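Please look over the sequence and the structure before reading on.

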Amino acid sequence: MPLQNDLKLQKAAGRLAGGSALREALAAAGYLASESAALHFSGAVSDAQMERTLTANYCRTLTDPELREIGTERRGHEVWVVLAAPPVTLPGAADAASVSRRILDLVNAARAAGRRCGAKYFPPAAPLALNASLTNAALAHSREMAKSNALDHRGRDGSTPAARVERAGYGAHRIVGENIAAGAMTPAEVAAGWLDSPAHCENIMDGRFTQIGIAYAANPNTAAHMYWTQDFAAPR
């Protein structure tokens, strides 16, 4: 399909010309790309020269079907080009329940089937149930990570997952666990990432856990964009 001009990508190309990195340029222009590429070449005086340079050196990038929008900046004999996939749509607050339910379904499907997490095999386990207090703890931590642009189990106040679960009003518990992630843009992507990681997979498959809270927070001004938390627990 033909490339479409985009004003935000034009601004991003202008920032590239000013020395910014691609990710910084896209963020400053307000373009939340799911995929992007930048081209820079000099010495092209005519359109014909530009065409020869592009086809000779950048054919694979130019024909990538995911990159459907373009912005350019020309200064003298130098040209900067930004190509990107249309902006991703971050889940909003209204989608929180459906996003949590989708992840829960994927988690419980894995538990029902049994799974190998790295070198350790976990037999089928009972399904997890969503818990409001655990969800509140997960949401608070996701928001903190998004605000501070940091992926960390320890809160900025030094809190641990267990302390945050208690703070959210969960009550007495036998065991607490937490999974976090950043950068995944869909429920399926974040669930797959957790299941592919042995340590995160072990939390999901651990039969001692009976309840879960799932939440996310978005910050389009960061490189990761999305921050996710799963809090696991079992009441005493």
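The sections below cover the disulfide and then the aromatic pairs.

## Disulfide

The model is predicted. It holds one disulfide. Cys117 and Cys201 form this link, with their sulfur atoms 2.0 Å apart. The angle about the S-S bond is -60 degrees, and the link of Cys117 and Cys201 is left-handed.

Cys117 is buried, at a relative accessible area of 2%. Cys201 is buried as well, at 0% relative accessibility. Cys59 is partly exposed, with a relative accessible area of 43%.

## Aromatic pairs

The structure holds three aromatic pairs. One of them joins Phe41 and Tyr58. Their rings are 6.2 Å apart, centre to centre, with 35 degrees between the planes, and the pair is tilted. Phe41 sits in strand β2 (residues 36-42). Tyr58 sits in the loop between α3 (47-57) and α4 (59-62). The two are 17 residues apart, and the pair links distant parts of the chain. Both Phe41 and Tyr58 are buried.

Tyr216 and Trp228 have ring centres 5.3 Å apart and planes at 45 degrees, so this pair is tilted. Tyr216 belongs to strand β9 (residues 211-218) and Trp228 to strand β10 (residues 226-235). This pair also links distant parts of the chain, with its residues twelve apart. Tyr216 is buried, as is Trp228.

Note on methods:
Residues numbered from 1 in each chain as written. Predicted model: local features only at pLDDT ≥ 70, side-chain atom pairs only at ≥ 80, totals over all residues. Heavy atoms only, no water. Disulfide = S-S within 2.5 Å. Buried < 20%, exposed > 50% of the residue type's maximum accessible area, 1.4 Å probe, protein only. Phe/Tyr/Trp six-rings, centres within 6.5 Å; stacked < 30°, edge-to-face > 60°. Helix = DSSP H or I, 4+ residues; strand = E, 2+ residues; numbered from the N terminus.
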